[in-house]
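Welcome! Please take a moment with the sequence and the 3D view below, and then we will walk through them together.

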Amino acid sequence: MRTPISYFLVVSALLFTMGTIGVLVRKNALVIFMSVELQINAVNLALVAFARQHGNLTGQVLAFFVMVVAAAEVVVGLAIIVSLYRKRRSANVDDAHLLRW
Amino acid sequence: MGDWIVFWVTAPISIAAAGAMVLARNAVHAALFLIVNFFTLAVFFLVLGSPFLFVVQIIVYAGAIMVLFLFVIMLLGVDRQESLIERIKGQRLLALLLGVGLVAEVVAAVRLGVGFHRGVLPNFGPVNQGGNVRALARLLFNSYFFPFEVTSVLLIVAAIGATIHGNRRIAEEETIDVGPEGVPEEPPGGPEVPAAVDAGTPARSLVARSRGAAAGYAPPASDEGRVAP
């Protein structure tokens, strides 16, 4: 393999940062959630790259577990967003400010 | 050489799709860009010697999870424009600056920890004896057997929780509407009020919506007023 592993790590860092910016900037709860998915996938890429770097499969197993947990998280998170929408008639996170002082 | 070309073709697509996802006004467009990004990540997994995760990424992420996302987007309505009001002043600029800082920090960490030189990678052949899937299964069902079982419990709990969450009726917890001034409106009366609502002022939003639920408030069997999850 001619590509250095660090290149994949840099791509992973860029994707993670874009996910972070998406979480910080966007207002639509669904898009925020998608940004979180992007972050999770960036971390997965880093895990697989590290598995290649160290020559064992532990990173891949960990990425697999991350995928399982992310699937569970998507199910619960989307249910929460749907019920928030049913309560507020909007998926905008600024509308959910009941606990704001 | 092949992985070099694949990387330099896939990486810009990946970054561009992620950026487009963050910038897309429409939630459906954001979801589609995210699917593109997931496909490029699957290609990265393949290049990094993990064909199993390549397939799982496409089936589970680009397939199942994104279909779920699109389903919810369609359910909630796609024609809503996102408000551009910043609740915190300078939020976007600050987020961008912090993002640039984060990238710089992580790249510096990668440079210190792994380095950008083209080092000699360990041979992946003996680890992947009998194929990547078989090697992963050997590791998963021996060393990581207990965590694997715990994830099954997690998935069941998540499925049950989502079902219960989706089945809850609207009228039991009162719908809170945001008034024009931004303060929550007074929820009009109890569940017995809506019978004589036609002349009332607070009928504007809540009562009209929960009429079916008010009629069938006691028995949870009535399907009226329920929004399918």
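Leaving aside its neighbours within four places in sequence, which residues is Met21(B) in contact with? They are Met34(A), Leu38(A), Ala30(B), Phe33(B), Leu34(B) and Asn37(B). Two residues are in contact if their C-beta atoms, placed from the backbone, lie within 7 Å.

## Reading the model

This is a predicted model, in which local features need pLDDT of at least 70 and side-chain atom pairs count only at pLDDT 80 or more, while totals for chains, interfaces and linings use all residues. Residues are numbered from 1 along each chain as its sequence is written, and chains are lettered from A and ligands numbered from 1 in the order in which they are written.

## Chain B by itself

Chain B has 8 helices and 0 strands. Helices (H or I, at least four residues) and strands (E, at least two) are DSSP runs, numbered from the N terminus. Of the 229 residues of chain B, 19% count as buried. Buried means that 20 or more other C-beta atoms lie within 10 Å of the residue's own, with C-beta atoms placed from the backbone.

## Where the chains meet

On chain A, 66 residues are in contact with 79 residues of chain B. Helix 1 (5-25), helix 2 (29-54) and helix 3 (58-88) of chain A each give two or more residues to this side, and helix 3 of chain A provides the largest share, 23 residues. By class, the side of chain A that touches chain B has 42 nonpolar, 15 polar and 9 charged residues. Here Ala, Val, Leu, Ile, Met, Phe, Trp, Tyr, Cys and Pro count as nonpolar, Asp, Glu, Lys and Arg as charged, and the others, Gly among them, as polar.

## A pair of helices

Now find helix 3 of chain A and helix 6 (residues 145-167) of chain B: they pack at an angle of about 10°, with their axes 9 Å apart. Axes are lines fitted to C-alpha atoms, for helices over the stretch in contact, and angles run from 0 to 180 degrees between N-to-C directions. The two helices are therefore roughly parallel to each other, a label for angles under 35 degrees. Their contact has 15 nonpolar, 5 polar and no charged residues.

The largest nonpolar core has 71 residues, and Leu30(A), Met34(A), Leu45(A) and Met21(B) touch the most other members. Such a core is a set of buried Ala, Val, Leu, Ile, Met, Phe, Trp, Tyr and Cys residues joined through C-beta atoms within 7 Å. Its largest share, 14 residues, comes from helix 2 of chain A.

Note on methods. Angles under 35 degrees count as roughly parallel, over 145 as roughly antiparallel, 65 to 115 as roughly perpendicular and the rest as oblique. A residue is buried if 20 or more other C-beta atoms lie within 10 Å of its own, exposed if 12 or fewer, and partly exposed in between; C-beta atoms are placed from the backbone.
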